[in-house]
Amino acid sequence: MTEPLSKERLKLWIRLLRVTRTAEAELREFLRTEHDTTLPRFDVLAALRRAGTPLTMSELSRLLLVSNGNTTTVVDRLEADGYVARTQSDSDRRIVHVALTPAGRRHFDALARDHEARVDELFAGVSAGDLTQLEDLLHRLQPTTKKDLV
């Protein structure tokens with residue numbers, strides 16, 4: 001007897017979560033042992049690199065889906081290491097912008113190359129055809145929220 005579709009979907013959720021958590025744990029350990037850094041630091045650097053222009057602390061927090069307090073703690077450490085610089089807004093002293101320094105760009109670019117290579121190793125068993133199929137499936141997996149139903 002086959003299980004109801006709702007049970008199969010629940011199993012899918014658990015498998016997706018397991019793959020995500022396992023890969024994340026592997027990447028956290030890789031960044032810690034190979035680069036003496038953390039995933040939150042990497043994420044902040046990546047967000048700033050993608051943006052290409054300074055971001056406010058609030059914009060950075062929203063992009064990372066974390067609190068302003070968490071962002072501030074990470075940015076404090078990155079600033080102490082010389083990888084980011086803060087500047088106050090000319091129009092509103094309460095607004096602080098954060099940007100990568102030249103050293104921060106170089107540091108992140110090196111991290112990103114190694115990070116990409118590690119992700120490539122983790123998912124080496126996934127072919128180009130698998131990637132195309134998985135991408136299509138994941139697009140269809142966008143959860144329906146209560147907001148979508150109204």
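1. Phe 42 counts as buried because its relative accessibility is 7%, where buried means under 20% relative accessible area, exposed over 50% and partly exposed in between, computed with a 1.4 Å probe on protein chains only. Phe 108 likewise counts as buried, at 7% relative accessibility, and lies in helix H5, residues 102–122; helices here are DSSP runs of H or I with at least four residues, strands are runs of E with at least two, and both are numbered from the N terminus.

2. On provenance, this is a predicted model in which local features need pLDDT of at least 70 and side-chain atom pairs count only at pLDDT 80 or more, whereas totals for chains, interfaces and linings use all residues. Residues are numbered from 1 along each chain as its sequence is written, and side-chain values use heavy atoms, with hydrogens and water left out.

3. The count of aromatic pairs comes to one, under the rule that rings of Phe, Tyr and Trp (its six-membered ring) pair if their centres lie within 6.5 Å, with planes under 30 degrees apart counted as stacked, over 60 as edge-to-face and the rest as tilted. Phe 42 and Phe 108 form this tilted pair, with 5.3 Å from centre to centre and 45 degrees between the planes. The pair links distant parts of the chain, since Phe 42 belongs to helix H2 and Phe 108 to helix H5, 66 residues apart. Not counting residues up to four places away in sequence, Phe 108 touches Phe 42, Leu 45, Ala 46 and Arg 49, a contact being heavy atoms within 4.5 Å.

4. An open sheet of three strands has the order E1-E3-E2 with antiparallel pairing, where two strands pair if DSSP finds at least two bridges between them. Strand E1 (55–56) and strand E2 (84–88) are the edge strands, each pairing on one side only. E1 is joined to strand E3 (residues 96–100) by two bridges, the two strands running antiparallel, and Thr 56 stands opposite His 97 in E3. Helix H2 (residues 39–51) packs on the sheet and touches E1, E2 and E3, its direction making about 90 degrees with that of E3.

5. Thr 101 has its place in the loop between E3 and H5 and counts as buried at 15% relative accessibility. Leaving aside neighbours within four places in sequence, Thr 101 is in contact with Gly 82, Tyr 83, Val 84 and Ala 85.

6. Helix H3 (residues 57–64) and helix H4 (residues 68–80) pack at an angle of about 105 degrees with their axes 9 Å apart, the axes being lines fitted to C-alpha atoms, for helices over the stretch in contact, and the angles running from 0 to 180 degrees between N-to-C directions. H3 and H4 are therefore roughly perpendicular to each other, given that angles of 65 to 115 degrees count as roughly perpendicular, under 35 as roughly parallel, over 145 as roughly antiparallel and the rest as oblique. Met 57, Ser 58, Leu 60 and Ser 61 in H3 meet Asn 68, Thr 71, Thr 72 and Val 75 in H4.

7. Asp 36, in the loop between helix H1 (5–35) and H2, has a phi near 50 degrees, a positive value in a residue other than glycine, and counts as exposed at 71% relative accessibility. Leu 65, in the loop between H3 and H4, has a positive phi of about 60 degrees although it is not a glycine, and counts as exposed at 76% relative accessibility.
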